[in-house]
Amino acid sequence: MCGIVGYVGPRRATDVLIGGLARLEYRGYDSAGVAVIDGDVLEVQRRVGKLANLREAITVKPIEGSIGIGHTRWATHGRPSEENAHPHTDCSGRIAVVHNGIIENYSDLRSELAAAGHVLRSETDTETVAHLVEAYYEGDLVEAVRKVLARLRGSYALAIVHLDSPDEIVAARRDSPLIIGLGEGENIVASDIPAVLEYTRKVLALRDGQVALVTAEGVTVTELDGTPAEPEIIMVEWDLAAAEKGGYEDFMLKEIYEQPKALRETLRGRMGADGVIQLSELAMTPEQVAAIERVTIIACGTSYHAGLVAKQLIEAWARIPVDIDVSSEFRYRDPIVDARTLVVAITQSGETADTLAGVREACERGAKVMAVTNVVGSRVTREADGVIYTHAGPEIGVAATKTFTAQIAALTVLALRLAQAKGALSEERVAALWDELAHIPDLVEAELEDLGSIDECALAFKDATSSLFLGRGSGVPVAMEGALKLKEISYIHAEAYAAGEMKHGPIALITPDIPVVVIATQGHTYEKAVSNIQEVRARGAQVVAVATAGDDEIAHHAEYVVTIPRVSEQLCAIPATIPVQLLAYRVAKLRGCNVDQPRNLAKSVTVE
Ligand code: F6R
C-alpha cells in the first residue's frame, strides 16, 4: 500500500524518483507526487491518477535539485485527489513528508495541531506528521522526527526532508517496509528493492523502530531512543533485468513464463545425497517433529490457496491434522494454538499486516512459527522462528502468479520433510515423489509452450458477467485461484466451488451465459468431475475442462479442453494452475484491462 522513494546524490532527483516510483507503482496508483529541494525552494508536484500524469507534468516543468522524496498512493484516508496526494507539507512549506502506513491517532493529532494554529489542507493522516515535525523542530531534523515518532500510533514508513537541512533525508519505519539502497556517493530510500536496483544491489534493511539519517555520503541508523544501531546489509541476488518486462507485454505474462525458473530455484538443493529432504530452516529434531500434534496454516488471498494445497499434502503424507485460516480471521478468533502446534505463515511479500499479526498471536501462544516468503529481509522473516524462502525473484504484477506455484513447491518440500521426520512415508515413496516433483519445472516449461488453445477458451469468457470454477481434491484450490485471478484482473465475477457442492446450491446459477471451468485432471475423483461437467452442460453452460494429456474421453464432454502434463494426482496443483492463470490473463487482455495494475488493488497489503 503506497510506495515511497527518497534520493540524495549527484543526479537530478526527479529522474531517480520517477524511475523508482515506476517500479513501485504496483503498491498503489491513485496519485503520485514528488518534493525536491532545488536551491532555496522546496518544489512540490502532485497529480491524481497514474504516475504517467506526474511524469508528464515534470516533463513540461522540470525540477532541478538532487535531493527529494516521492510517493505513489493507494488511498486509505481521504479520496484520491491532488490535495490528498503525497508529499504533504507543513504550514511553512519548508518540510515535506511521504508516508506508507496508517497513523491511527491522526484524528486526535489533527485537533491538537489545529488548536495550536496549524492549517491542515488535506484529509489524510500523513499531513499531521509534516505539521508535527514543524512543531518539534529546533534545528535538528532527526531529533524532531524522533519526538514526532513518539507521538504516533499505527504503522509507518516515512521519508522527510526540510529546507533547513538540504543535504539530508530522515527515514523511519514501524510495521511498513523500508530499505535504503547504498550507492557510491548517493543513497536511495525505498519501499522495495526494485526501486534502487538501477543504482545498487547493496541494501540496508531498516528495522522496526529505527531512524536513518541519509546523506549522499552515508547512512547513520539509530534506534528510536537515539542509541546507535548495527545496520543489516543485504546483497540482492537478482538484478534490474529481473524487475523489468524483458520484452513481454506485461509483467504478469513475464511472470507466468518465469515459473519454470522460479520452481527450479525454489526446489534447488532440497534433496540430500542420503535421500533426506533438506530443510534446515525447520530447525526441529525428529523428536520435536514427532511432538507436533497439529499444523495451522495462516495466509491471505493467493497465499491462502497455496495453504489449501499444503493442507492436503501434509495430511496425506505426514498424517498430521492441519487447520487453515485466513489470517484476518485467525487473529481475532482466539485460536487453539500452543507449543504442540506448528504454525505455517505464507506471505509472498512478507509484509501483509493480517498475516504478521497472526504470526505474533501464534508466537505469544508458544507455537513454533515457520514463514514461507519470497522477500529476503521482509518483516515476517524477523518475526517467525524459521523461514523457508521461495526463490521466484521479484513479482511486480499485482496478481500473484509465479510466487503462487513457488509457494506450492516450497510447501510440498515441507510436507515431504514432515512426512519423513514422522516416518509416515517409506524412503522409496519419498524418493519417488521427489523425483516427480523435481521434474515439474521441465513439465511446466513444456506446458507453457503448448497452451495456444487458451486463446479460444478466452473468447468464451470475454463477454461473460459471471463464471464458475469447479474442482475436486487438489483441483479445489486451483479452481479458487483461477476464480481469484479472473475476477481481479478481468473484473468478471467468478466463484469457485468444490465440484461436489454444486448440486447444493450453485447449480441454480447455471445458464448458457455462465462459462464454467472444471479442473478435471485424472485421479480417483475423475469420473465424478466428468459427471459434474455433464450436469452443468445439461443446463446449457459452456465448459472449459483442464484435463490430463492423453485423456481422449474428455473432449466428448466439454466444449473446450486444455491439457496439462501427466503427473500423479497429489502433485498436479502446479501444472493445473498454469492454464487458469493464462486464461485470466487472456480474458483480461481481450477486455482491454490493465493486468499489471488492476483497479482498487495493491500488491502488498500493509494495512488491516
Ligand atoms: C492475488 C494476490 C493477493 C495476495 C494477498 C496476500 O493475486 O496477490 O491475494 O496473495 O494479498 O499477499 P502476501 O502473500 O504478500 O501476504
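Angles under 35 degrees count as roughly parallel, over 145 as roughly antiparallel, 65 to 115 as roughly perpendicular and the rest as oblique. In this predicted model, local features need pLDDT of at least 70 and side-chain atom pairs pLDDT 80 or more, whereas totals for chains, interfaces and linings use all residues. Residues are numbered from 1 along each chain as its sequence is written, and side-chain values use heavy atoms, without hydrogens or water.

Helix 9 (residues 301-318) packs on helix 13 (residues 402-422) at an angle of about 25°, and the two axes are 9 Å apart. These two helices are therefore roughly parallel to each other. Axes here are lines fitted to C-alpha atoms, for helices over the stretch in contact, and angles run from 0 to 180 degrees between N-to-C directions. Helices (H or I, at least four residues) and strands (E, at least two) are DSSP runs, numbered from the N terminus.

Helix 9 passes helix 13 in a right-handed crossing; a crossing is right-handed if the near helix is turned clockwise from the far one by less than a right angle, and left-handed if anticlockwise. Helix 9 contributes residues including His305, Val309, Leu313 and Trp317 to the contact, and helix 13 contributes residues including Phe404, Ile408, Leu411 and Lys422. Contact means heavy atoms within 4.5 Å. By class, the contact of helix 9 with helix 13 has 14 nonpolar, six polar and one charged residues. Ala, Val, Leu, Ile, Met, Phe, Trp, Tyr, Cys and Pro count as nonpolar, Asp, Glu, Lys and Arg as charged, and the others, Gly among them, as polar.

## Helix 13 against helix 14

Helix 13 also packs with helix 14 (residues 427-448), at an angle of about 170° and with the axes 11 Å apart. Helix 13 is therefore roughly antiparallel to helix 14. Thr412, Val413, Leu416 and Gln420 of helix 13 meet Val430, Leu433, Trp434 and Leu437 of helix 14. This contact has six nonpolar, two polar and no charged residues.

## Helix 16 against helix 18

Helix 16 (residues 475-490) and helix 18 (residues 573-590) pack at an angle of about 20°, with their axes 9 Å apart. They are therefore roughly parallel to each other, and helix 16 passes helix 18 in a right-handed crossing. Among the contact residues are Val478, Leu486 and Ile489 of helix 16 and Val580, Tyr585 and Val587 of helix 18. The residues of this contact divide into 10 nonpolar, three polar and one charged.

## Domains

The domain assignment, which is automatic or from a database, gives domain 1 (3-243), domain 2 (251-448) and domain 3 (453-590). The C-alpha centres of domain 1 and domain 2 lie 34 Å apart. Their contact takes 17 residues from domain 1 and 11 residues from domain 2. Domain 1 and domain 2 bury about 1,200 Å² between them, 55% of it on carbon and sulfur atoms; buried area is the accessible area (1.4 Å probe) that two parts lose on being put together, summed over both.

## Backbone features in loops

The peptide bond from His86 to Pro87 is cis, with omega near -5°. Pro87 lies in the loop between strand 4 (67-73) and strand 5 (88-89).

Asp175 has a positive phi of about 65°, although it is not a glycine. Asp175 belongs to the loop between strand 8 (169-174) and strand 9 (179-182).
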